[in-house]
Amino acid sequence: MINNLFKVVLDSHTSLDYKHKRDIINATLNKSTLNEMVDIAVNYLTNNVKNYKIDLFRESFSNNNYQSILKSYKLKGITVITETDALYPNELKNTPFAPICLYAKGNLNLLASKNKFSIVGSRKTPPQILKLTESISNKLASAGVTIVTGIAVGGDLSAIKGAIETKNVISVLAGGFDFCLSEYNSDYIEKLFKNGLVITEHPPCVKAMPYSYPIRNRIIAGLSMGTLIVSGSHKSGARHTANYALEYGRDVFAFPYLPCTSQGELCNKLIKDGAYLVETASDIAEVCGFDIEKSASLQLSGTEKTVFEVISKGSVSVDAIAEETGLKVFELMPVLTLLEIKGVIVKDGNGEYVATQN
Amino acid sequence: MLSKVKSFALNGLNGFLVDVEVDVSNGLPAFDMVGLPDTAVKEAKERVRSAIKNSGKRFPTTRITVNLAPADVKKQGAYLDLPIALGIINATMPELKMDISNYVFIGELSLDGSLREVDGILPLLISAKASGYTKFIIPYDNKQEAGYIEGIEVYALKSLIETVELLTGEREFQAVTPLTYSANNTVKENDVDLCYVKGQAFAKRAIEVAVAGGHNVLFVGPPGAGKSMLAKCIPTIMPDLSFEEALETTKIHSVAGVLKGEDGIVTKRPFMTPHHTASRVAIVGGGQNAQPGVISLAHNGVLYLDEMPEYPRSVLESLRQPLEDRVITVTRTKASVEYPASFMLCASMNPCPCGNYGSKNAECKCTYSQIQKYRSRISGPLLDRIDLQITVDGVEYGELASTSKEESSKEVKRRVDLARKIQRERFKDETINVNAEMNEKHLKKYCELTAECESIIKTAFTSLNLSARARSRIIKVARTIADLELSQQIMPNHVLEAVGYRSNFNL
């Protein structure tokens with residue numbers, strides 16, 4: 001109990017590095033009273049951290065102060081889970097640099113879910129891949145797998161979209177809760193609070209910085225038994241997630257891309273390095289032992305079928321489809337919209353249609 | 001000796017009677033002008049002096065006072081040179097017995113005494129006719145404009161001396177022969193025509209729908225995709241300008257001084273392409289005298305904004321109200337004028353700053369936030385007023401070089417005319433003319449959806465992630481598509497096609 005309390009208050013000191021916090025915690029492991037712990041911490045800080053305001057530090061452990069900290073978390077609806085809590089996921093605890101505290105909002109039971117699988121991708125993901133991501137995420141989540149992801153537009157958001165209805169989704173933020181509504185897609189944050197879980201390792205007042213994202217990715221990788229990289233260039237942040245997953249001995253999956261597709265460089269590289277190649281949800285299910293439903297086969301009418309066959313050969317513009325099928329644009333448009341509504345094709349940024357599955 | 005001459009001056013698009021009173025009396029030589037003349041009117045003094053002298057008449061070396069009544073309205077422009085000169089001649093030489101009281105005089109004088117063309121003759125004559133005046137003397141170069149107004153007697157003369165000759169009865173002049181308006185006889189072979197646009201069947205269909213229902217349209221596509229060429233074809237498939245429309249447009253062009261002298265009337269729908277460095281005043285109108293802006297010049301035609309995000313935000317936002325109300329009230333300290341501005345907005349833009357977003361051939365170098373920033377330059381409310389937002393892509397070489405026959409503008413125009421006719425019938429009891437102008441009330445009344453259509457829209461909403469705003473846009477476009485197919489009821493196919501023209505802006 002005292003231990004937890006100490007960690008919560010210690011973690012609220014946002015100016016301290018993770019390393020220092022970890023050192024302090026290691027040094028106070030066997031102590032049983034708060035005073036002893038604070039003394040050790042103060043001692044450590046005077047020796048190791050230059051110009052640290054020791055008085056303020058000591059003050060923060062006073063009864064009044066930690067009560068107010070706890071109260072403010074409670075007011076914001078945030079639950080703090082320290083690494084010694086039963087709720088703290090084991091798979092994360094066993095990774096190096098595991099977060100000291102997790103701040104969570106939403107359905108906490110998701111943390112205990114046995115099958116956690118992460119799906120991440122870059123902001124610039126091609127639309128057909130977004131659609132595929134959404135459908136795979138949906139299939140896995142429907143099978144009881146908890147989807148772990150970030151919240152950025154693109155691959156992450158599609159993973160959330162696919163899983164949100166099944167309520168099996170955890171989103172890991174790179175900053176504190178105070179900024180989540182203004183910085184991320186607030187529609188989905190609210191939905192996640194209600195139907196999923198949002199966690200972060202940062203106290204509410206911490207703002208996400210560009211460097212926070214790669215650090216955050218270790219939590220995504222650490223929570224899950226496998227990671228699907230849906231898109232990414234050589235420079236994109238998803239590579240950190242893949243690297244952490246490998247480091248922690250988890251499976252890495254990736255979609256294959258055509259050569260010379262910048263959005264898929266990372267995925268192709270991962271596959272070359274031995275990641276599992278994924279085309280459908282069952283590719284993942286087989287490796288991880290998930291039990292997913294077989295998807296029903298598509299019912300397409302005559303014209304729909306002709307049009308779909310043209311599109312499945314590769315992405316094509318309306319003009320090209322019209323030419324190939326001999327349909328007039330006004331005859332073709334309704335068919336395209338129908339196929340789009342059925343989710344078998346998507347429109348890409350250039351106004352061309354792409355098939356999402358074969 | 002006092003003489004009174006009638007003339008007209010312009011306030012916005014409306015002319016008002018100006019009584020030019022000239023008094024020549026004994027005293028030290030002076031030339032005073034009262035009655036709120038602006039600079040151009042004040043300078044008439046010098047022009048009138050030289051013109052009278054060079055016309056072989058004597059300019060009095062006595063005291064001249066000119067009053068422009070009503071005294072409290074500002075008079076602009078050089079219309080009053082001729083009446084002032086005639087007033088002086090009449091006052092100094094009553095022996096000429098000029099018949100000045102029966103005419104309204106409009107014209108600018110040059111130093112040699114010839115009459116120069118002035119702007120705004122058409123609105124001036126229309127207002128004068130409405131106030132009951134029927135005989136006019138105007139500059140010769142404005143002859144064409146005057147020919148389109150029925151029931152008035154206009155003499156287009158070349159100089160001050162000719163005017164005096166006419167008024168004294170020394171010489172007979174032919175009144176301007178009335179011209180009959182025809183939209184077709186003056187339409188020259190179009191430089192642009194849909195048959196010259198190769199491929200692009202999708203975009204062509206989209207502009208057909210857009211023009212048929214008066215919908216605004218936005219083309220999104222990489223550089224060189226043919227967005228501008230498509231836009232230029234829009235006027236060729238728009239219905240012919242009716243005489244009333246032509247007069248309205250001509251009035252504005254005449255006031256702005258951009259009327260081409262030879263035609264005298266605007267017979268082709270205007271296609272205005274202001275550059276994106278154009279100021280807000282240039283676009284919506286304004287300036288000291290509250291002149292019409294480009295959107296008013298585009299009245300009954302097309303306003304084409306190429307590279308829309310490059311326009312300053314303030315300019316784009318200022319389009320919102322005129323797009324809705326179809327008029328613009330330009331208010332300045334010295335004047336407040338309402339100009340009509342019923343135009344079809346056609347805009348084009350790249351999908352991202354580098355232009356290659358979503359392209360298969362070239363890599364987009366923009367970051368996500370750059371793209372967001374670029375797209376957010378066009379505000380949601382403005383996008384709301386653009387019913388069709390379509391993506392245009394480049395054409396492959398084979399298509400460019402192909403000799404296959406494309407449908408010509410004329411054929412498309414025939415269909416558009418039919419669809420417009422249906423709409424005129426439908427809205428005959430309403431204040432609107434085309435589907436695009438429908439509001440929620442009209443949607444309810446004229447666009448009843450079958451259960452099947454309703455369910456299509458519903459599924460489309462969830463599976464395609466459409467915004468709530470998109471709903472009325474889709475229904476309006478579906479109505480137009482139904483009109484193009486001469487169908488009373490909006491059928492599922494129409495709704496499905498309309499959904500296909502929605503934007504995929506929210507990527």
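Predicted model: local features only at pLDDT ≥ 70, side-chain atom pairs only at ≥ 80, totals over all residues.
Two strands are said to pair when DSSP finds at least two bridges between them.

In chain A, three strands make up an open sheet in the order 10-12-11, and their pairing is antiparallel. Strand 10 (316-317) and strand 11 (345-347) of chain A are the edge strands, each pairing on one side only. Strand 11 of chain A is joined to strand 12 (residues 352-355) of chain A by three bridges, and the two run antiparallel. Within this pairing, K347(A) stands opposite Y353(A) in strand 12 of chain A. The sheet also carries a helix: helix 17 (residues 329-342) of chain A packs on it, touching strand 11 and strand 12 of chain A. The direction of helix 17 makes about 110° with that of strand 11 of chain A.

The side chains of E91(A) and K116(A) form a salt bridge, with an N to O distance of 2.6 Å. Because E91(A) belongs to helix 6 (residues 90-93) and K116(A) to strand 3 (residues 116-120) of chain A, the pair ties together parts that are 25 residues apart in sequence. Over all chains, the count of salt bridges comes to 33. N51(A), although not a glycine, has a positive phi of about 55°. N51(A) is located in the loop between helix 3 (34-48) and helix 4 (54-60) of chain A.

A backbone feature of another kind is found in chain B, where a cis peptide bond joins A69(B) and P70(B), with omega about 0°. P70(B) lies in the loop between strand 4 (63-69) and helix 3 (81-92) of chain B. As background to both backbone features, most residues other than glycine have a negative phi, and most peptide bonds are trans.

Chain B also contains an open sheet, in which five strands follow the order 11-14-17-10-18 with parallel pairing. The edge strands, each pairing on one side only, are strand 11 (271-272) and strand 18 (388-391) of chain B. Strand 10 (residues 217-220) and strand 17 (residues 344-349) of chain B run parallel and are joined by four bridges. In this pairing, V220(B) stands opposite M349(B) in strand 17 of chain B. Helix 7 of chain B packs on the sheet, where it touches strand 10, strand 17 and strand 18 of chain B. The direction of helix 7 makes about 170° with that of strand 18 of chain B.

There remains the contact between the chains, to which chain B gives 35 residues and chain A gives 24 residues. The size of an interface is often expressed as the accessible area lost when the parts come together. Here chain B and chain A bury about 2600 Å² between them, with 57% of it on carbon and sulfur atoms. Between chain B and chain A there are zero salt bridges, while five residue pairs are in polar contact, both residues being at pLDDT 80 or more. On the side of chain B that touches chain A, the elements giving two or more residues are helix 7 (201-213), helix 19 (451-464) and helix 21 (492-500) of chain B. By class, this side of chain B has 14 nonpolar, twelve polar and nine charged residues.

Technical notes
Residues numbered from 1 in each chain as written. Chains lettered and ligands numbered in written order. Heavy atoms only, no water. Contact = heavy atoms within 4.5 Å. Buried area = accessible area lost by both parts, 1.4 Å probe. Salt bridge = Lys/Arg side-chain N within 4 Å of Asp/Glu carboxyl O. Polar contact = N/O pair within 3.5 Å; in protein donor to acceptor, adjacent residues only side chain to side chain. Nonpolar A, V, L, I, M, F, W, Y, C, P; charged D, E, K, R; others polar. Axes fitted to C-alpha atoms, helices over the stretch in contact; angles between N-to-C directions.
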